[in-house]
Amino acid sequence: MPSYTVTVATGSQWFAGTDDYIYLSLVGSAGCSEKHLLDKPFYNDFERGAVDSYDVTVDDELGDIQLVKIEKRKYWLHDDWYLKYITLKTPYGDYVEFPCYRWITGEGEIILRDGRAKLARDDQIHILKQHRCKELETRQKQYRWMEWNPGFPLSIDAKCHRDLPRDIQFDSEKGVDFVLNYSKAMENLFINRFMHMFQSSWSDFADFEKIFVKISNTISERVMNHWQEDLMFGYQFLNGCNPVLIQRCTKLPEKLPVTTEMVECSLERQLTLEQEVEQGNIFIVDFELLDGVDANRTDPCTLQFLAAPICLLYKNLANKMVPIAIQLNQVPGEENPIFLPSDAKYDWLLAKIWVRSSDFHVHQTVTHLLRTHLVSEVFGIAMYRQLPAVHPIFKLLVAHVRFTIAINTKAREQLICEFGLFDKANATGGGGHVQMVQRAMQDLTYASLCFPEAIKARGMDSTQDIPYYFYRDDGLLVWEAIRTFTADVVGIYYESDQVVADDPELQDFVNDVYVYGMRGKKASGFPKSIKTRDKLSEYLTVVIFTASAQHAAVNFGQLFLGMYPEEHFIEKPVKEAMARFRKNLDTIVSVIAERNKNKKLPYYYLSPDRIPNSVAI
């Protein structure tokens, strides 16, 4: 009788193992096997991190194995199990891999296909077509869209983390990590015993240093020592945590009536302000988005305020950015003066502090929350709803949306909800942050997520004119590496543009993003469909870059871009493409490390060895 060797790998995360009964059935082209209990006498099967092998003998020839069915039945109490993969050695000596990387909960079952990626057109056998359709039907019931707030991108229909499908919930380790990080952040910011200082007027600039007591590294220490200086202020617009607002000023706005006479002490080229503009030496950061946003009023004993500044910057002879004029609100007038470096020291410093405060609000709510977290969640929900696990695009993207929906759900529970952290410690809390996202949605376009286009649209693309914009330089390197990789993968599975256009699951995925994520707004520029391999490669680059590199640039780095510990792809050409991708990223790491040598203020946020795969890893 034919005999198969079945190897089963259990996950290594907390509580991944199980004591429940595990049954296996094989479905082949010539027949189906009976259920087989996978159990070794006097052995504790399916322990956390274990790789167990079993001999399964069947009565008849099964032909080519098409599906593997895994059932879990209660032993004593329900005991969830995380199955990484199954491999099958056939009676003929062939090996077949069945990736899973999913939880089996309760008295549940999972039906797995072999690991070869397949488009819908590749499935000609009825049982495989049926499996594909049933998987999507089940997922679309689990992953439902919901409007958390009017005007927001739609999010997952879940009130709290425990309502999420088990496969996208935090692992126990990650959940604990989130709680610990949240608590650590509160401790670092002295939210409890330091709150009085936040909610009252500060009497001394030395109070700022208290914020840095427990946030100590080379960069923060240098910023603490030099934060009052104009050079540091200008540098942060290029390479700080929000390097996406500064743009070349091509015409002085009427709402900022600054003159040459006002700023001539800052101009180094003996040119008028208008001539400096013409030569491309003037840059602007406009916080118009904040104009009219309601300041936090959740505490009746605390008055909080918001500004909507306009800041003019100058590229000096050393090619460094320095501020030369600041207006704190949008409408000029006697009560809204223009502050200048020639003003009294603390007048100018306070003006810069207001700009930095406004920059913080836009960074947290728009650059970080909306344009990385919420956008990545849209891609993730659409992926789960419209792409089966066997689809090559699902296999490509799943690592880049890992835990994204979970961390956003936690944020809606604890951070941006009513009475959450935003309300307690943020001047845009109490609804202002919601207004900001609603306004920022008008400028959330597909082109603005295409890194090279976004840089060019702000007039910041010239490396010769603006030589110290490391966010741009490193970002372009990473963008091109991702674009090359996605083009390789697309080329493996789509031999022509027509195959792209004829892939119904891909088109449903793209349409879901447009209709639900972007609320069907034509002005967003998000495609409703994709017709060519080149456009598909660009689209996938947007998804991956947004979730990994862009988030790293405006947040932090933990895990590493290009590392795929879950082996959803088994095909050699894709593994070779991954190897080339990692090699390209390693080269970028070396280039950035060499650039950073001996720099007093190194920029490494976009070094691939510091870029997490997703916004939550």
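Is the crossing of α9 and α11 left-handed or right-handed?

Modeller: The crossing of α9 and α11 is left-handed, a term used when the near helix is turned anticlockwise from the far one by less than a right angle. This is a predicted model, in which local features need pLDDT of at least 70 and side-chain atom pairs count only at pLDDT 80 or more, while totals for chains, interfaces and linings use all residues. Residues are numbered from 1 along each chain as its sequence is written, and side-chain values use heavy atoms, with hydrogens and water left out.

Helix α9 spans residues 345–386 and helix α11 residues 404–414; helices here are DSSP runs (H or I, at least four residues) numbered from the N terminus. Their axes lie 9 Å apart, at an angle of about 130°. Axes are lines fitted to C-alpha atoms over the stretch in contact, and angles run from 0 to 180 degrees between N-to-C directions. The two helices are therefore oblique to each other, since angles under 35 degrees count as roughly parallel, over 145 as roughly antiparallel, 65 to 115 as roughly perpendicular and the rest as oblique.

On the α9 side, the contact (heavy atoms within 4.5 Å) is made by His373, Leu374, Ser376, Glu377, Gly380, Ile381 and Tyr384. These residues meet Thr404, Ile405, Ile407, Asn408 and Arg412 of α11. By class, the contact has 5 nonpolar, 5 polar and 2 charged residues; Ala, Val, Leu, Ile, Met, Phe, Trp, Tyr, Cys and Pro count as nonpolar, Asp, Glu, Lys and Arg as charged, and the others, Gly among them, as polar.

Elsewhere, Phe42 lies in the loop between β4 and β5 and has a positive phi of about 55° although it is not a glycine.
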